[in-house]
Amino acid sequence: MSATQILLLIGAYFLVLILISYFTGKNDSNADFFKAGKQSPWYVVAFGMVGASLSGVTFISVPGWVEDIHFTYMQVVIGYLFGYFVVAFVLLPLYYRYNLTSIYEYLLERFGKVSHKTGAFFFFVSRVLGAAFRLYLVAIVLQQFVFDDLGVRFEFTVVISILLIWIYTNRGGIKTIVWTDTLQTLFMILAVILSIVLINQELGWSFGEFIKSDELKNYSSFLVTDNFLDRNYFIKSFVGGMFVTICMTGLDQDMMQKNLTCKSLKDAQKNMVWFSFVLVGVTFLFMLLGALLFIYAKQNGIGIPLMDGTPKTDLLFPEIALNSGLGLTLSITFMLGLIAAAYSSADSALTSLTTSFCVDFLNVQKKEEVEQKKIRKQAHVGMSIMLIIVIIAFKYILSSNVIDSLLTVAGYTYGPLLGLFAFGIFTKHKIKDAYVWVVAVLSVTIIILVANIPASYLGGYQMGYELLPLNGLLTFFGLWLIRKKELEPSIAL
């Protein structure tokens, strides 16, 4: 597939998204931008959230990870499933009770201004890094397989990507996202299914023959239960995955903003439960695709693509889809899936960052209506520029598999949110609000130090995703130390 054909495909795709935004953004109000008028059908939100949760990271990085970890990532995914039930039946009732626009307003009600700003700040850092990780991955694929051939610099690729997102989210915000995410999720799921079918046909297999093949058995390791010291030991992965979901979905304005557009709490809970089961199934398909890609590469002598002279497994899927001569159908399928997966998370991230910045930091809801819209539009531009800067910086500092980097960073930045919300929900204590930021910073600092302790100093124990709940526990303990004697009688569950 030529660079020109890919550009035409991307252009046509974004024209469809802009058309959707035209109809959903006619009102151009802050109420629609932030909460979609609380009229979103739950099943539309649920389906769209699949694409937003998986993103371009899953589409590229999970298949590329199979060679190293086989199917053991599913241990984390099972943890996700249990985490989604906590979100549905513990956190969502809280958010609907207070009719929140930003979920961090709960911290203002429960503890005070400093807690509110601290929570919003850690979300802000988490989401900027998370969205930048996702878009960075797509940008390097577009750069290597499209724009390098056209002599276009990586920086320009990033600017164009963000500009396209800004164009179709500028007016409708979350109201537009709910519907564009649905289309994007459909493209992404179709892409992974068609990729599996087409590559199997090239190998002369039916899907059943592939599942029974000896080649797949080489990648079929699922549970790691031999040594508790291993980073991917089952209990550590499961618990870590559960807390990753609670934090990166339940305590994340990006994901919760979609749920808060549902008409009622019951609808939001149905959305969360159905979405969780679909997500597990789709992730398993990505693992199967990853194994199939490595099997095909070995049988056809395809090496791992290089980036800056270093092998990068994240690029194997695009290499096979675009450059291995498997035909235009697979190339189109891959590009549509990649674009859909990437932008279904990036567009909602940009919208949620704008929402949080306006509500949590600028208190836009307290200003005149005309000024509210002006502030929101300026913030939307500012968030776009910030993402551009961070993504470009990643090109020069990232070295590991992108999804592993993403989950590692989550262990640092979401921990204080976990501790703050847990303390608010499960205790009735008030705290000395002015010291909350100190507790959060100390907790993150300690976790970073712990994460960098050599395994040899710990008897061979390797740190994994358990750093996230440990971070939350440290924050919880710190809040306990700065608690006040009087209790809050009505806020805690």
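Trainee: In helix α10 (residues 214-217), about how many helical turns separate D214 and K217?

Mentor: The model is predicted: local features need pLDDT of at least 70, side-chain atom pairs count only at pLDDT 80 or more, and totals for chains, interfaces and linings use all residues. Residues are numbered from 1 along each chain as its sequence is written, and side-chain values use heavy atoms, leaving out hydrogens and water. Helices are DSSP runs of H or I with at least four residues, strands are runs of E with at least two, and both are numbered from the N terminus. D214 and K217 are three residues apart in α10, so their separation is about one helical turn.

Trainee: What is the N to O distance between the side chains of D214 and K217?

Mentor: Side chains of opposite charge can pair when their charged atoms come close. A salt bridge needs a side-chain nitrogen of Lys or Arg within 4 Å of a carboxyl oxygen of Asp or Glu. D214 and K217 form one, with an N to O distance of 3.8 Å.

Trainee: Is D214 buried or exposed?

Mentor: Buried means under 20% relative accessible area, exposed over 50%, and partly exposed in between (1.4 Å probe, protein chains only). K217, at 53%, counts as exposed. D214 has a relative accessible area of 54%, so D214 is exposed.

Trainee: Which class of accessibility does K270 fall in?

Mentor: D267 and K270 form a salt bridge, with their closest N and O atoms 3.6 Å apart. Both lie in helix α13 (residues 265-299), three residues apart. D267 is buried at 15%. K270 has 31% relative accessibility, so K270 is partly exposed.

Trainee: How many residues apart in sequence are the parts that D254 and R127 tie together?

Mentor: D254 and R127 form a salt bridge, their closest N and O atoms 3.5 Å apart. D254 lies in helix α12 and R127 in helix α6 (residues 113-147), so the pair links parts whose separation in sequence is 127 residues.

Trainee: How many salt bridges does a search of the whole structure find?

Mentor: D254 and R127, both buried, supply one of them. The search of the whole structure gives a total of eight.

Trainee: Is N259 buried or exposed?

Mentor: N259 sits in helix α12 (residues 253-259). Contact means heavy atoms within 4.5 Å. Leaving aside neighbours within four places in sequence, N259 contacts V45, M49, L92, Y96, A268, N271 and M272. Its relative accessibility is 0%, so N259 is buried.

Trainee: What distance separates the C-alpha atoms of T355 and K212?

Mentor: T355 belongs to helix α15 (residues 328-361) and is buried at 0%. Residues up to four places away aside, T355 touches F33, F34, T101, Q253, Q257 and D360. K212 is 143 residues from T355 along the chain, and their C-alpha atoms are separated by 49 Å.

Trainee: How far apart are the end C-alpha atoms of helix α8 (residues 174-203)?

Mentor: The expected span of a helix is 1.5 Å times one less than its number of residues. With 30 residues, α8 should span 44 Å, which agrees with its end-to-end C-alpha distance of 43 Å.

Trainee: Which residue follows α8?

Mentor: The residue after α8 has a positive phi, near 80°. That residue is G204.
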